[in-house]
Amino acid sequence: MNNISTERSGSDAENGGDLPLNKRIKDSAVHFEPCAKLEDLNLDVRKTSKSIEETYHRNHVSRRQEFTCMPIHEVIFSTIDKPKLLSQLSALLSDINLNIREAHVFSTTDGYSLDVFVVDGWPVEEIDGLYEAMGKAIGRSEGSWSGSSHAHLVMDKVLTEQTKCGSAEVDRRLLKIGKRIASGSCGDLYRGVYLGQDVAVKMLRSEHLNDTQGEEFAQEVEILRQVQHRNVVRFIGACTRSPDLSIVTEYMPGGSLYDYLHKNRSVLKLPQLLKFAIDVCKGMEYLHRNNIIHRDLKTANLLMDTHNVVKVADFGVARFQTQEGVMTAETGTYRWMAPEVINHQPYDQKADIFSFAIVLWELVTAKVPYDTMTPLQAALGVRQGLRPDLPENAHPKLLALMQRCWDAIPANRPSFTEIIVELETLLQEVEETKDAVNGS
């Protein structure tokens, strides 16, 4: 009997029941053969460690339902290996309107291949149609594949319930760790490769791990897995099984704005400066709209891709807005920290606005804020009203915006939504003036 064997898995516990297993679809036009050589290959996703999972459920399960994300499916083909197999399977999936997000190939020494695809573009509520479309596509394609006169193909699994953006548990065995990029007090950042994709890997040091750090790790993963925006670094997945706690995100080859500004020591031209600032504001406006406070906004946590698009990164101390709307814990980095945070006074999202003012000052000057002071001296000065010296020859509208954003009274600071409007208007004026000058 010819068949496609499929299996569903995912967040069925959250949905209150098990999903059907081993659904069979018959298609007389296709010939399939079980791939016995791969029976023992274990590709199961690791289970979340008990302590971290309890933290998720205790603090964040109800919040997950507030976000709507695109369904993600994992399709695994096991077959006899042959030339151009990956490109042929990729074309097959594209033909049925599936968008391939990741692809990875495993080969055995005795001529078998396992091709793993992570795709989106098919509604989860219509998953039965995906089975049918897949079977028909295989049937149409098999005869046209070169050298496939005896090709036998089985679609081994379709994991269909990964409906949360970037919610995947990373298989540590498939994660290749490369050069260390940076170090922090609790962990290190590495460049790596996961399923053929360049990634950044934030690894916690197990010897320093305690309950507080474990909960902060869970909080960071929970925030990252629920955000998806052009100006927020993209979450790939996480290893939540101790002692290999790590977070995997897209690799940003442009590096940080801090390095871009202070290693090059070059003052940005106004149009580029405004584009960088607008990118930051759009990412932060999205976070605030989803009730998230970053709490450590600074140029070192603003990363650039190959097209110089700036994305907000590092959510290690970020938090969901409390129901009361305020926080009191001192957290962040002194040179960018709002006075109410330094003073342990109640604060809200307007603390991020103050930090943005310092970022904007950096973009204008290409200098480190309070560079003649220690971080603690800078913090004590900010408490008493100290602000960076206003740069000469800067656009007056930027200077006015900067001063409003670092106002000592949080309520006087504008929102990111308001700042975006001002910056985009200014950018349009600058570009129109430039065009007029060039035209004359």
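## Cysteines without a bond

A disulfide is a pair of cysteine sulfur atoms within 2.5 Å. This model is predicted. A search of the whole structure turns up zero disulfides.

## Salt bridges

The count of salt bridges comes to 16. One of them pairs D171 with R173. Their closest N and O atoms are 2.7 Å apart. The surroundings of the two residues can be read from their accessibility. D171 is buried, at 5% relative accessible area. R173 counts as partly exposed, at 47%.

Another salt bridge joins R319 to E216, with the closest N and O atoms 3.9 Å apart. This pair links distant parts of the chain. R319 sits in strand β16 (residues 319–320), E216 sits in helix α6, and the two are 103 residues apart. R319 is buried, with a relative accessible area of 17%. E216 is partly exposed, with a relative accessible area of 32%.

The side chains of E222 and R225 also meet in a salt bridge, at 3.5 Å from N to O. E222 is buried, at 0% relative accessible area. R225 counts as buried as well, at 10% relative accessibility.

How big is the second largest pocket? Its volume is about 1,200 Å³. It is lined by 42 residues. The closest to its centre are A182, L189, K202, N301 and D314.

By class, the lining of the second largest pocket has 21 nonpolar, eleven polar and ten charged residues.

## Helix α10

How far does α10 reach? This helix has 16 residues and spans 23 Å from its first C-alpha to its last. That is close to the 22 Å expected at 1.5 Å a residue. The helix is also well covered: 16 of the 16 residues of α10 are buried, so it is largely enclosed by the rest of the structure. Just after α10 comes A366, which takes a positive phi of about 60°.

## Positive phi in two loops

N97 has a phi near 65°, a positive value in a residue other than glycine. Where is N97? It lies in the loop between α4 (85–95) and β4 (99–107). N97 counts as exposed, at 62% relative accessibility.

H344 is not a glycine either, yet its phi is positive, at about 60°. H344 is found in the loop between α9 (339–342) and α10 (350–365). With a relative accessible area of 47%, H344 is partly exposed.

## I100 and S90

I100 belongs to strand β4. At 28% relative accessibility, I100 counts as partly exposed. How many residues separate I100 and S90 along the chain? They are ten residues apart, and their C-alpha atoms are separated by 7.6 Å.

Notes. Residues numbered from 1 in each chain as written. Predicted model: local features only at pLDDT ≥ 70, side-chain atom pairs only at ≥ 80, totals over all residues. Heavy atoms only, no water. Helix = DSSP H or I, 4+ residues; strand = E, 2+ residues; numbered from the N terminus. Buried < 20%, exposed > 50% of the residue type's maximum accessible area, 1.4 Å probe, protein only. 1 Å grid on protein atoms, 1.4 Å probe; cavity = no way out; pocket = protein on both sides within 12 Å on 5 of 7 lines; lining within 4 Å. Points joined across faces, edges and corners; volume = space filled by probe spheres on them. Nonpolar A, V, L, I, M, F, W, Y, C, P; charged D, E, K, R; others polar. Salt bridge = Lys/Arg side-chain N within 4 Å of Asp/Glu carboxyl O. Expected span 1.5 Å × (residues − 1).
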